[in-house]
Amino acid sequence: MLKLPRFFSKTYENRNGVPYFKNFYNGKWQFPKNIAFQKIISPIDGSLIGMFPNIDEKTADEIIKSLSLQKDNAKNIPFIERAKAMEKAKELLEKYKEVMIKTIMINSGKSRQDAEGEVNSTISRLFLTLEEAYKLKGEFIPGDLAKENIGRFAIVKKEPVGLVLAISPFNYPLFISFTKVIPALLAGNVVISKPASANPIPVILMTRILESVGLFSNFFAMITGEGKIGSYMASNDLVNMVTFTGSTTVGKELSKILGIKKVHLELGGKALAIVLKDADLEKTANSILKGSLSNAGQRCDAISGVVAEKEIYDDLVKLLKKKIKDIEYGNPFDKDVIIGTMISEKAVQGVEDLVNDALKNGAKLEYGNKIKGCVFSPTLLSNVSPKMKIMNEEIFGPIIPVMKVDNYKEAITFANSLKYGLDMAVFTKDISKAFEISEK
């Protein structure tokens, strides 16, 4: 059951024991008029933990129009005031750290370890963004770089973009949302935050923290709704920039409708671990397990495929099998659990389809493939081939497929055949080969 301290009472209204969460815009917490509500379900046990407004297009347009009128006011706030306000926000996040951790666990199904890591990373990012913001400077360009401009010079002053729409995903609701919002506000922009509909509560609570420091109340809005409302708002001409993290499919759709608007997209990934025959298998196995399974594999940079040279392939599979059996998974509030639930049964179904396709096409189940509700057990597959979907598509679940190659050059060829290129890992004691593989 979600329990929030009095500090957050402005964000919701209790109706028959269920918190109905408000949106924040025009400097206050409010329910949009004549709006439908959507359930917030905990993936841990399927329980109802809240309701949120499913904002409509008319209200979204009104919020965008109102916020856009604040652009000049926002950029005229001295930077030092913005920085001091963000320092207060950091202190409040530290004060309510435990509330945030438990909220992320309940709303996202994350383990205590993963939820705490996300909150700590957000606190750290607040500090680091403040440090980086102090370095924002313009440029002085001498004219004698061109003959006709000798005796002249240019001064470049950096200006805020204007109205930034920040659309964030479910896998790191607090961290990713505010790695978008915090820099944009510090730079003097006005910002609309649109969290994922699966788990908006951490963003709602962080919005309350930002509101409480006072300075940003008229320059920041947080609205909730289905994914399509984000695309609708992105197309509004008053929105100057869109920053989106999520699926490649939605990212492609956004890129089509945004035109010449400034855009930042962080989309899908397929991170391979390439293991060479000279690798320290003990360290390699530990790193693969952590890289594949943390946050139940729901990370764009998760290791979602292992490619091992034939000489050590069998030994690596045996070691992974031995170690994966010791990993506790399930209800994140149970002691010792380090792999919590996936975000929804729909997400579980998508991962299950990939595993079943692999098994049907010759993969061997070494361990796992047990499902209960939103819990998907850590799963190890061997005898995986290059043409299987699971080795070519983003998994976004706690699955480790292991594929054998004759040599590292074959691994490079396979890695370069993938449509994704977010990040990869190489395990070897040979630094020359590590650099060679990185380069290629």
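**Close-up views of a predicted model**

Phe37 counts as partly exposed because its relative accessibility is 26%, in between buried (under 20% relative accessible area) and exposed (over 50%), as found with a 1.4 Å probe on protein chains only. This is a predicted model, in which local features need pLDDT of at least 70 and side-chain atom pairs count only at pLDDT 80 or more, while totals for chains, interfaces and linings use all residues. Residues are numbered from 1 along each chain as its sequence is written, and side-chain values use heavy atoms, with hydrogens and water left out.

**Figure 1. The rings of Phe8 and Tyr96 form an aromatic pair.** A search of the whole structure turns up ten aromatic pairs. The ring centres of Phe8 and Tyr96 are 5.1 Å apart and their planes stand at 70°, so this pair is edge-to-face. Rings of Phe, Tyr and Trp (its six-membered ring) pair if their centres lie within 6.5 Å, with planes under 30 degrees apart called stacked, over 60 edge-to-face and the rest tilted. Follow the chain and you find that the partners come from distant parts of it: Phe8 sits in the segment before strand S1 (12–15), while Tyr96 is in the loop between helix H3 (79–95) and helix H4 (97–108), 88 residues apart. Helices (H or I, at least four residues) and strands (E, at least two) are DSSP runs numbered from the N terminus.

**Figure 2. Tyr20 and Phe37 make an edge-to-face pair.** Here the ring centres are 5.1 Å apart and the planes meet at 70°, so the label edge-to-face applies. This pair also links distant parts of the chain, with Tyr20 in strand S2 (residues 18–21) and Phe37 in strand S5 (residues 36–41), 17 residues apart. Tyr20 counts as buried because its relative accessibility is 17%, whereas Phe37 is partly exposed.

**Figure 3. Arg208 belongs to helix H7.** The helix covers residues 201–212. Arg208 is buried, because its relative accessible area is 10%. Which residues does Arg208 touch? Not counting residues up to four places away in sequence, Arg208 is in contact (heavy atoms within 4.5 Å) with Phe7, Phe8, Lys10, Thr11 and Trp29. Among these neighbours, look for Phe7 and Phe8, which form one aromatic cluster with Tyr96. The side chains of Arg208 and Glu211 are joined by a polar contact of 2.7 Å. A polar contact is a pair of N or O atoms within 3.5 Å; within protein, one must be able to donate a hydrogen and the other to accept it, and residues adjacent in sequence count only if both atoms are side-chain atoms.

**Figure 4. A salt bridge joins Glu159 and Lys75.** Side chains of opposite charge can pair when their charged atoms come close. In this view the N to O distance is 3.1 Å, and a salt bridge needs a side-chain nitrogen of Lys or Arg within 4 Å of a carboxyl oxygen of Asp or Glu. Glu159 lies in the loop between S8 and strand S9 (163–167) and Lys75 in helix H2 (residues 71–75), so the bridge ties together parts that are 84 residues apart in sequence. Glu159 is partly exposed because its relative accessibility is 42%; Lys75 is partly exposed too, at 35%. By this rule the count comes to 18 salt bridges.

Figure 5. Glu116 is partly exposed, with 27% relative accessibility, and Arg112 is partly exposed at 31%.

**Figure 6. Glu366 forms a salt bridge with Lys364.** The closest N and O atoms are 3.8 Å apart. Glu366 is buried, with a relative accessible area of 13%, whereas Lys364 is partly exposed at 48%.

**Figure 7. Ala425 is found in strand S21.** The strand runs over residues 425–427. Leaving out residues up to four places away in sequence, Ala425 touches Leu272, Ala273 and Ile274. How far apart are the C-alpha atoms of Ala425 and Lys180? They are separated by 26 Å, and the two residues are 245 residues apart along the chain.
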